Amino acid sequence: MPPAVDPALLTRSRDVILSLQLPNGAFPASPTFSAYQGYCWFRDGAFIADGLSADGSVDSPTAFFSWCATVLDRYTPQIEEIIARAGAGDPVPGSQMLPARYTFDGGLGADDWTDFQLDGYGTWIWALDEHVRRHGVDPSPFAAAVAITVRYLLSSWQRSCYDWWEEHAEQVHVSTLGCIVAGLRSAVSLGVLDDVLASRAAQGADDVLAFILERGVHDGRLVKWIGNPDVDASLSALFAPLRVFDPASDLATETLAAIGRDLEVDGGVYRFRADTFFGGGRWPLLSCFKGLAHAARGERDEAQRLLAWAVAQATDTLDLPEQVSDRLLDPSMEEYWINRWGPVATPLLWSHAMVLRLNAELS
């Protein structure tokens, strides 16, 4: 089978990610975008590492997971306090929970940001487990970090927090819950937990899954957040690559149909209908997530169509942006964000990683 993507773009995607990765393993989200400079996200980084791992890289993803473990070790006293207070019925305020992003050296940073997000702490464990499965990497050096993360998630998964898009801290988001399920399951799979914590993690994953099915489903499909019947494109990830739910299930069929109907235009996928960030454009990485879900269902032509749109958004220098500015949901907001932060983040490492990931799946 011929490659699903022009080899030059694949090479560029690898080079962009690997050349920008810090010696300690941290991935910058984007090298020049003002709001992202100097920070590494657990969520973005986990999906970047997974894309590289699926593409065949071993050392780079391992280095990222080591960075995660170092950060978690640094903040273990804070995490222990969070766990203790949650257990005592006196949870810490959201401002004292773990942030979504850290400076490259593992610091908290000085910028004001919508930080409290839980999804990345499930996602990094899931990506580690995938990497271990693919390449036989020894998971034992990550045991302490996995264990403290599991205890953190078990103590706090029912809390509202910001979503993937760092919005709506007052809500409980289904994509976030799905990332937690994936992380807890993977923590058990890695075999690095003691028996008691492994049992708690397995039960916790079942509890979160049951909560999603009871509260996060409307008309046979997943919803954006509990109590909101709208759909969000991040939900594709819960079918693949996270495999929280069976990609062949009726739930997947209905959710993907809703995303396609409400959020997709000609292969490009919006985050959600009310999006106004840079005017609300279509995101290549979300086309790749939806493509992965279709590929997992055996719908290769549909996956290939979505991938083709994503790669077609590359610039003349083969850089992939965060989003594209044609067919905006709210064009009146584009200038506001450009004036605030400059042009759309380009290159975005997460976009490049998702092209690598979907291409690996189809190849």
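Begin by selecting proline 241, which is found in the loop between β4 (221-222) and α9 (250-263); helices here are DSSP runs of H or I with at least four residues, strands are runs of E with at least two, and both are numbered from the N terminus. The peptide bond that leads from alanine 240 into proline 241 is cis, with omega near 15°. Stay in the loop between β4 and α9 and select arginine 243, which has a positive phi of about 60° although it is not a glycine.

Before moving on, note that this is a predicted model, in which local features need pLDDT of at least 70 and side-chain atom pairs count only at pLDDT 80 or more, while totals for chains, interfaces and linings use all residues. Residues are numbered from 1 along each chain as its sequence is written, and side-chain values use heavy atoms, with hydrogens and water left out.

Now select threonine 346 and proline 347, which are joined by a cis peptide bond with omega of about 0°; proline 347 sits in the loop between α12 and α13 (349-362).

Zoom out to the whole protein, which has 13 helices and 7 strands. Its C-alpha atoms fill a box of roughly 50 × 45 × 45 Å, taken along the principal axes. A compact globule of 363 residues would have a radius of gyration near 21 Å, and the 19 Å of the protein agrees with that; the radius is taken over C-alpha atoms, and the globule rule is 2.2 Å times the number of residues to the power 0.38.

Next, colour the strands β5, β6 and β7, which form an open sheet in that order with antiparallel pairing. Because β5 (264-265) and β7 (282-283) stand at the edges with a single partner strand each, one side of each is left without a neighbour in the sheet. Strand β6 (residues 268-270) is joined to β7 by 2 bridges, where two strands count as paired if DSSP finds at least two bridges between them. Within this pairing, select valine 269 to see it opposite tryptophan 283 in β7.

On a 1 Å grid over the protein atoms alone, a cavity is a set of points where a 1.4 Å probe fits but cannot get out, whereas a pocket is an open set with protein on both sides within 12 Å along at least five of seven lines, and lining residues have an atom within 4 Å of a point. Grid points are joined across faces, edges and corners, and a volume is the space filled by probe spheres set on the points.

The largest pocket holds about 490 Å³ of space. Of its 25 lining residues, select Trp113, Thr114, Trp165, Glu166 and Trp341, which lie nearest its centre. Both α2 (42-55) and α12 (334-341) supply at least two residues of this lining, and the largest share, 3 residues, comes from α12. The lining divides into 14 nonpolar, 2 polar and 9 charged residues, with Ala, Val, Leu, Ile, Met, Phe, Trp, Tyr, Cys and Pro counted as nonpolar, Asp, Glu, Lys and Arg as charged, and the others, Gly among them, as polar.

The second largest pocket, with about 270 Å³ of space, is lined by 16 residues, of which Gly94, Ser95, Met97, Asp115 and Phe116 lie nearest its centre. Its lining is made up of 7 nonpolar, 5 polar and 4 charged residues.

A search of the whole structure finds 1 cavity of 30 Å³ or more, and the volume of the largest cavity is about 60 Å³. To display its lining, select Asp163, Trp164, Trp165, His173, Ser175, Lys224, Asp232 and Ser234, which divide into 2 nonpolar, 3 polar and 3 charged residues.

From there, go to glutamine 171, in the loop between α6 (143-156) and α7 (174-190). Its side chain makes a polar contact of 3.3 Å with that of glutamate 170; a polar contact is a pair of N or O atoms within 3.5 Å, where within protein one must be able to donate a hydrogen and the other to accept it, and residues adjacent in sequence count only if both atoms are side-chain atoms. Leaving aside neighbours within four places in sequence, glutamine 171 is in contact (heavy atoms within 4.5 Å) with Ser160, Cys161, Trp225 and Ile226.

Finish at valine 192, in the loop between α7 and α8 (195-215). Valine 192 and serine 140 are 52 residues apart in sequence, yet 6.3 Å apart in space, C-alpha to C-alpha. With neighbours within four places in sequence left aside, the contacts of valine 192 are Pro139, Ser140, Ala143, Val146 and Ala187.
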